[in-house]
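Thank you all for coming, and please have the sequence and the structure open while I talk. I will go through the chains in turn and then stop at a few single residues.

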Amino acid sequence: MRPDLPSATAAPAAITAPAVLAAHALAKSVPLANGQRRALFAGVDLVLTAGDVVAITGESGVGKSTLLNILAGLDAPDAGTVIINGQAIAGLDEAATTALRCRAIGFVFQAFHVLPHLDLARNIALPLVLAGSAQAPALDAARAMLDRVGLGGRGGDHPAVLSGGELQRVAIARALVHRPPLVLADEPTGNLDPETARRILDLLLASADAAGSAVLIVTHSEQVAAAARRTLRLSNDGLAAARPA
Amino acid sequence: MTMLAPVAARWLLAGEWRAGPLRMGIAVLAIAVGVALGFAVHLVNSAALGSFGRAMASVQGRADLAVRATMPTGMDELIYPRLARLPGVAAASPVVEVAASWGQLARPGAAPRTGGRFTLLGTDVLRAMHVTPGLIGFSPGGLSGVGTRPGWQEGIIWLSPELARATGLKVGATFRFTAAGRPLALRVAGQLAASGDEARLAVIDIAEAQDLLGQIGRLQRVDLKLAEGADVAATTARIAAVLPADAMVATPEGEASRADALSRAYRVNLGMLALVALLTGGFLVWSAQSLSVARRRPQFALLAVLGLSRRGLVTQLLIEGLLLGVAGAVLGVVLGHALADLAVRNFGGDLGGGYFAGAQARLAFPALAALGFGALGLATALAGSLVPALSAARVPPALALKGLGDGVDPTRRPPAWPGLVLLSAGTGLALAPPLFGLPILAYIGMALLLAGGVALMPALARALLAPLAQAGSRYLPLDLAIRRLWGAPQAASVALSGIVASTALMVAMAVMVASFRQSVDDWLVAVLPSDLYLHLEAAEAGGITPADQARLAAVPGVAAARLQRVMSIRLQPGQPAVALMAQGGFAAVPLIGHSAGAPPAGHVPVLISEPMAWLYGWQVGDRRQLAIGGRQTPVFVAGVWRDYARQFGAIILPLADYRRITGDLSMTDAAFDLAPGADAKAVQAALAAQLPPAVRGQAQFGRPGEMRRVALQIFDRSFAVTYALEAIAILIGLVGVATSFSAQVLARMREFGMLRHVGVQKRQLLVMLALEGAGLGLVGAAAGIALGLGLALVLVDIVNPQSFHWTMDLALPWPLLAGLAAALVACAAGTAVVAGRRALGAGPVLAVRADW
Amino acid sequence: MRRLLLLLALPLLLAADFAVVRPGVPMRFPADHGAHPAFRTEWWYVTGWVKSGVGTGARDVGIQITFFRTRVPRLATNRSRFASEQVIFAHAAIADPATGKLKHATRIARSGFGLAQALVGDLDVAVDDWRLWRTPDGRLHGVVVVEGQRLDLAFTPSVPVIVQGLGGYSQKGPSASEASHYYSWPQMKISGTMAGKPVTGTAWLDREWSSTLLNPRAVGWDWLGLNLDNGGALTLFRMRDASGRALWAGGSHRDATGKTVIFQPQDVDWQAAGWWKSPRSGARWPVRPVVRYRMNNRWQSIEIKPLMPDQELDSRAGGGPLYWEGAVTMKGGRGYLELTGYSAPLRM
């Protein structure tokens with residue numbers, strides 16, 4: 001699809017490839033029990049192009065996950081715009097947002113989140129069938145993805161028999177099975193031991209590279225942040241470069 | 001993509017069924033039970049009514065129109081030529097119709113019967129063949145009358161196929177039976193041509209019938225065939241104009257409506273109860289789906305993140321509900337048919353209610369009704385799924401994904417107004433007057449009260465637990481349990497809805513039945529003051545003659561004999577007949593309210609029963625006309641008495657007046673006061689010996705204690721279905737509690753894991769769960785009993801008078817209610833512990849890691 | 001004899017106390033026009049030809065108006081008004097060539113309640129709305145309704161009755177007990193209305209009463225009653241056995257002057273001919289018989305032609321027989337022909 005960038009002027013001048021994700025001046029606050037609101041962040045600007053790998057770090061409670069949710073269209077910002085694959089989320093209704101997410105974004109979570117009653121192949125094929133794909137090609141694609149993440153031939157297994165690392169491989173396979181332009185990962189190695197975490201991170205980045213997807217990782221981990229091409233730090237004032245890319 | 005993709009839908013549904021087959025199965029069962037009950041009751045009713053209607057039509061022989069005597073003593077036969085000559089009447093067929101019986105009639109709680117009752121008709125075959133061809137005898141030699149064997153040949157009788165089956169008599173055999181108090185023995189000439197399969201009836205020549213049955217000069221009815229193209233209304237009016245006071249025109253529609261009226265209230269009440277059972281099933285589906293949805297919130301959130309829209313989610317949940325509903329409906333229809341089959345075979349078409357004597361019920365499978373009840377079950381399942389589905393779709397997926405979306409916010413106060421609105425609307429409808437003579441609005445009111453009570457549960461639970469929550473407890477498990485219940489009343493109310501609904505229904509039914517039973521018992525004591533009673537079955541056309549009466553009164557040990565002549569009288573076409581009871585004195589009837597003074601001159605004082613007053617609008621002090629003995633007799637309503645025996649009304653008048661007016665000196669019932677020291681058994685044997693042999697088979701003796709026992713036995717049997725419904729409602733409720741608890745416990749595994757991590761012992765957790773369960777059970781029982789008492793008031797004070805036209809005094813079965821509450825509490829606590837054991841068996845670490 | 005038809009279907013009642021037909025009982029009128037309830041059965045059988053319509057549309061139509069009385073004995077102790085022993089059966093038919101087959105109707109009722117009765121002493125027999133009676137002026141009247149057509153006819157006698165057989169004792173078989181009391185009243189002038197339109201014509205009344213008729217070997221009979229154009233009347237009958245031969249035969253001839261000859265069995269020779277097969281029942285009927293009779297030692301032969309072939313009557317649905325009863329002509333006369341026992345033997 002040909003990206004149409006109505007807000008390209010707002011993006012940093014460094015853009016050389018079409019932007020997969022462009023966020024501008026995002027702000028978010030949460031209500032408190034006493035009726036006041038606490039500001040999480042404001043003035044967040046972010047652009048990801050194809051092949052980009054960006055890590056966002058920050059203190060607990062600063063709103064990293066909230067930012068991720070806003071970028072995925074799961075939460076609404078108090079101010080600012082989010083454009084995914086050239087489409088502004090603000091103008092879309094729930095169904096269209098869901099459809100866009102289904103098409104353009106892959107997710108990897110800290111807690112894996114696989115459906116316990118579906119086998120691995122079906123778990124991985126979910127994004128495809130939710131987008132309306134037929135069963136056979138979806139399962140074929142899922143099995144191909146299983147091969148890629150090193151779980152070849154285990155498509156019929158159920159999640160209950162898998163270890164944490166294996167579950168996250170499944171999650172990565174699911175995130176990339178429909179070749180989304182953008183992968184959002186929320187502490188993808190948070191529940192894993194350091195050795196497994198390293199392998200999983202490598203797998204994620206390699207798979208994303210192979211699929212041509214941009215990756216945005218929210219993490220505490222220095223190790224993860226180090227693997228990213230760019231690392232940004234989220235604070236109440238917005239995003240700033242944590243260290244040179 | 002806005003809708004759920006079919007492949008995804010299939011995967012998710014299959015996964016869910018695999019994940020929770022028991023939970024799904026129970027929801028299916030809940031719907032199935034509701035549908036089955038509704039369908040079974042409908043089937044039994046329509047089978048009974050259908051066969052009763054067909055039997056009635058057979059006895060009537062399907063004439064266009066009939067003129068009937070209002071009393072079994074018949075009308076003057078000279079009406080026959082007058083009717084035959086009326087313009088518009090193509091043919092008139094005179095009929096003598098009397099109740100008859102063979103063998104030993106059944107006695108409730110006594111020896112097995114060896115005989116039965118049937119309707120004996122006397123016809124002129126040459127007339128009947130034009131008007132009621134179905135009543136023509138058919139012998140191996142051909143049709144009677146015009147064939148080789150004329151119907152008026154003496155000494156022969158034609159049996160309906162059903163009667164031939166029941167008696168086992170073949171052509172040529174001698175049929176010995178009693179009719180109008182006389183013994184008869186006639187040769188079976190053959191079977192009736194087309195009298196239907198249900199009716200037990202026999203036909204003899206009319207002249208022989210009049211002569212043998214003491215009906216000289218009398219006809220019970222004249223069947224009419226109208227001329228082709230005759231104006232029915234005009235002809236009916238011409239007929240009505242020539243009729244004497246003791247005859248009325250009966251149309252087939254009128255007879256059908258009479259058959260319908262006989263059991264209508266009973267049927268509608270059972271049907272409504274079945275619908276209420278279905279409603280309970282609906283609550284269970286709601287409860288099951290709510291819990292299932294709550295448990296799966298994170299899954300739904302994941303699906304939402306992966307690209308399942310809200311509408312897609314709602315669609316998936318509704319499809320789940322639809323599948324539950326379809327499975328439940330199909331199972332329910334099958335189950336219902338089997339249930340009805342069983343009921344009809346074991347209890348007869350009226351389920352022991354006693355409305356359709358003499359008709360064999362035949363069960364059919366009405367596809368339309370099956371579809372209707374199936375659809376009702378489906379709708380219930382869908383409605384039960386829609387609410388949780390919508391609430392699931394409302395939760396933001398990001399929140400749910402974090403595991404915070406189960407909606408529990410202890411600071412939020414559940415609203416009370418929806419429940420209060422429903423309760424007040426229900427109360428308003430419950431107090432409304434009957435619709436079409438039936439308490440339909442009261443039933444809708446009951447359903448609303450039920451819904452209101454359930455809707456009020458969260459607020460109520462919170463209010464009830466508030467003092468406890470404030471005080472707290474030093475006993476950790478109790479403190480945890482109370483805070484959970486207080487903080488999550490919605491979750492509690494989901495578990496409670498089923499239990500509250502079923503408890504309320506059960507309490508309502510139990511209180512109603514207990515009140516009714518107590519009132520009937522009191523009434524029985526009041527109406528049975530004598531020592532020994534005699535009743536002749538099927539003796540309407542003539543009982544015991546004065547000579548025999550005198551012999552009975554002279555039996556040693558009898559101090560006094562009070563005679564009674566009981567028969568039926570039709571006051572309005574299309575209405576069931578009213579019992580006319582000529583008694584020697586007005587003793588032994590429990591009067592309601594005041595009684596009027598002395599009757600005006602020329603008026604016969606009568607007492608009317610409560611249903612009679614209700615159905616015909618007669619009041620104490622009224623002057624009315626009663627067609628007895630062929631003319632209008634002015635009567636004066638001296639009082640109203642309570643009567644549970646005759647739902648369609650009864651009139652008591654002095655025996656002396658009855659005999660003076662009608663000249664009928666026979667009697668069908670008697671009450672004997674025994675001399676001091678006389679042995680009731682010996683006197684009964686002596687009395688039986690004095691009875692003419694012909695009526696011995698029909699005679700039933702009873703002593704008050706035994707009669708009371710039998711009456712209450714019959715009462716209990718006719719309420720057997722109600723008890724069954726009750727038991728099923730309770731079962732549904734308990735199953736609901738069990739599933740709710742296990743589902744909730746499973747949903748809270750993470751919470752338990754955390755508690756164990758912070759140092760709470762497994763045993764303490766189980767105690768906590770037991771206390772939670774007991775608390776829920778207590779709240780549910782309290783609410784259910786309170787709601788049930790309200791519903792009972794509606795049943796006792798509104799539904800019963802509106803359906804059956806009698807009142808009763810409220811009686812509360814306290815032991816039953818207390819036992820019920822205890823059982824509920826114990827059961828709820830037990831279920832919670834069992835579910836908890838299973839949930840905790842897996843170990844706390846896994847519970848924390850497994851996330852859901 | 002004839003016209004036992006429906007009565008045949010009535011049962012053989014054992015031990016019935018019926019009056020017996022004996023020779024030497026003189027006919028007395030008008031008493032013998034009335035009913036004889038002691039006998040088992042009797043009939044009033046009116047057949048005739050009427051002219052229907054006027055001018056070029058005028059056509060000949062055959063009519064039958066017949067009343068039967070049957071006694072079904074019952075216990076004398078029965079006090080019911082319904083305990084009547086007499087059953088009145090009536091049958092009427094119209095043979096209209098324009099229709100091609102018979103229109104007919106029946107009435108049946110036990111006597112009593114003023115709805116059905118046969119008067120003793122003079123002719124008045126009625127069942128429901130049908131009636132045949134004699135008025136003091138000597139005329140007979142009949143009212144019947146056949147398939148919506150009301151026949152309201154008066155019959156004016158022009159000649160005295162023919163007392164058949166031996167002074168009214170008419171033997172029907174070889175045994176002397178197989179007999180009936182029998183008189184005929186030919187050449188009655190018809191006037192009246194049919195379906196509201198005036199008609200005129202000539203009728204024949206046959207009257208028989210008996211308790212025992214049929215020989216056990218008889219399977220059926222043939223009967224002819226013909227009003228002769230010259231004012232005379234010819235009656236012919238025979239009883240057939242299973243081989244189709246005559247078991248018994250008889251009849252009478254009266255000329256215009258009133259001179260009457262009674263035929264002995266050997267004076268009648270009936271030859272079946274002109275077989276017509278009914279499309280409805282499949283039965284075959286000899287509707288054009290040739291009958292010879294010997295009078296004054298001279299054999300005469302007459303050839304019978306039906307008004308139309310299809311004058312079959314099927315009363316089997318009501319337990320009666322299948323028979324043929326129709327308007328016929330001969331050279332110099334016309335009347336009615338009755339054929340029974342051709343599809344199945346008649347049984348008593």
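## A walk through chains B, A and C

Let me begin with chain B, which exposes about 32,100 Å², with carbon and sulfur atoms supplying 64% of that area. Please keep in mind throughout that what you are looking at is a predicted model. Chain B contains 27 helices and 23 strands, and of its 852 residues, 57% count as buried. If we take the contacts in chain B between residues at least 6 apart in sequence, 82% of them join residues that are at least 24 apart.

Chain A has 245 residues, of which buried residues make up 53%, and its secondary structure comprises 7 helices and 10 strands. Chain A exposes about 10,000 Å², and here carbon and sulfur atoms supply 53% of the area. Among the contacts in chain A with a separation of 6 or more, residues 24 or more positions apart account for 70%.

At what angle do helix α3 and helix α4 of chain A pack? Helix α3, residues 120-130, and helix α4, residues 135-148, pack at an angle of about 120°, and their axes are 8 Å apart. An angle between 115 and 145 degrees counts as neither roughly perpendicular nor roughly antiparallel, and so α3(A) is oblique to α4(A). The crossing in which α3(A) passes α4(A) is right-handed. On the side of α3(A), the contact is made by A:L120, A:A121, A:R122, A:I124, A:A125, A:L128 and A:V129, while α4(A) brings A:Q135, A:A138, A:L139, A:A141, A:A142, A:M145 and A:L146. Sorted by class, this contact of α3(A) with α4(A) has 12 nonpolar residues, 1 polar residue and 1 charged residue.

Helix α3 of chain A also meets α5(A), and the axes of these two helices come within 7 Å and cross at roughly 35°. The crossing of α3(A) and α5(A) is right-handed. The residues in contact are A:L120, A:N123, A:I124 and A:P127 from α3(A), and A:V170, A:A173 and A:R174 from α5(A). By class, the contact of α3(A) with α5(A) has 5 nonpolar, 1 polar and 1 charged residues.

From α5 we can move on to α6, again in chain A. The axes of helix α5, residues 164-176, and helix α6, residues 194-211, come within 10 Å and cross at roughly 15°. Angles under 35 degrees count as roughly parallel, and α5(A) and α6(A) are therefore roughly parallel to each other. The crossing of α5(A) and α6(A) is right-handed. In this contact, α5(A) takes part with A:G165, A:Q168, A:R169, A:I172 and A:L176, and α6(A) with A:T196, A:R199, A:I200, A:L203, A:L204, A:S207, A:A208 and A:A211. By class, the contact of α5(A) with α6(A) has 7 nonpolar, 4 polar and 2 charged residues.

As background, most residues other than glycine have a negative phi, and most peptide bonds are trans. Against that background, please find the peptide bond from C:F29 to C:P30, which is cis, with omega near 10°. C:P30 has its place in the loop between α1 (5-9) and β1 (41-52) of chain C.

C:E147 has a positive phi of about 45° although it is not a glycine, and you will find C:E147 in the loop between β8 (140-146) and β9 (149-157) of chain C. C:N297, another residue other than glycine, has a positive phi near 65°, and C:N297 lies in the loop between β21 (290-295) and β22 (298-303) of chain C. Is C:N297 buried or exposed? Exposed means over 50% relative accessible area, so at 72% relative accessibility C:N297 counts as exposed, and C:E147, at 51%, counts as exposed too.

Because buried means under 20%, C:D267 counts as buried at 12% relative accessibility. Which residues is C:D267 in contact with, leaving aside its neighbours within four places in sequence? Those residues are C:I262, C:R292, C:Y293, C:R294 and C:W299.

Conventions. Residues numbered from 1 in each chain as written. Chains lettered and ligands numbered in written order. Predicted model: local features only at pLDDT ≥ 70, side-chain atom pairs only at ≥ 80, totals over all residues. Heavy atoms only, no water. Axes fitted to C-alpha atoms, helices over the stretch in contact; angles between N-to-C directions. Helix = DSSP H or I, 4+ residues; strand = E, 2+ residues; numbered from the N terminus. Parallel < 35°, antiparallel > 145°, perpendicular 65-115°, else oblique. Left-handed = near helix turned anticlockwise from the far one by under 90°. Contact = heavy atoms within 4.5 Å. Nonpolar A, V, L, I, M, F, W, Y, C, P; charged D, E, K, R; others polar. Buried < 20%, exposed > 50% of the residue type's maximum accessible area, 1.4 Å probe, protein only. Areas by Shrake-Rupley, 256 points an atom, 1.4 Å probe, with all protein chains shown as cover.
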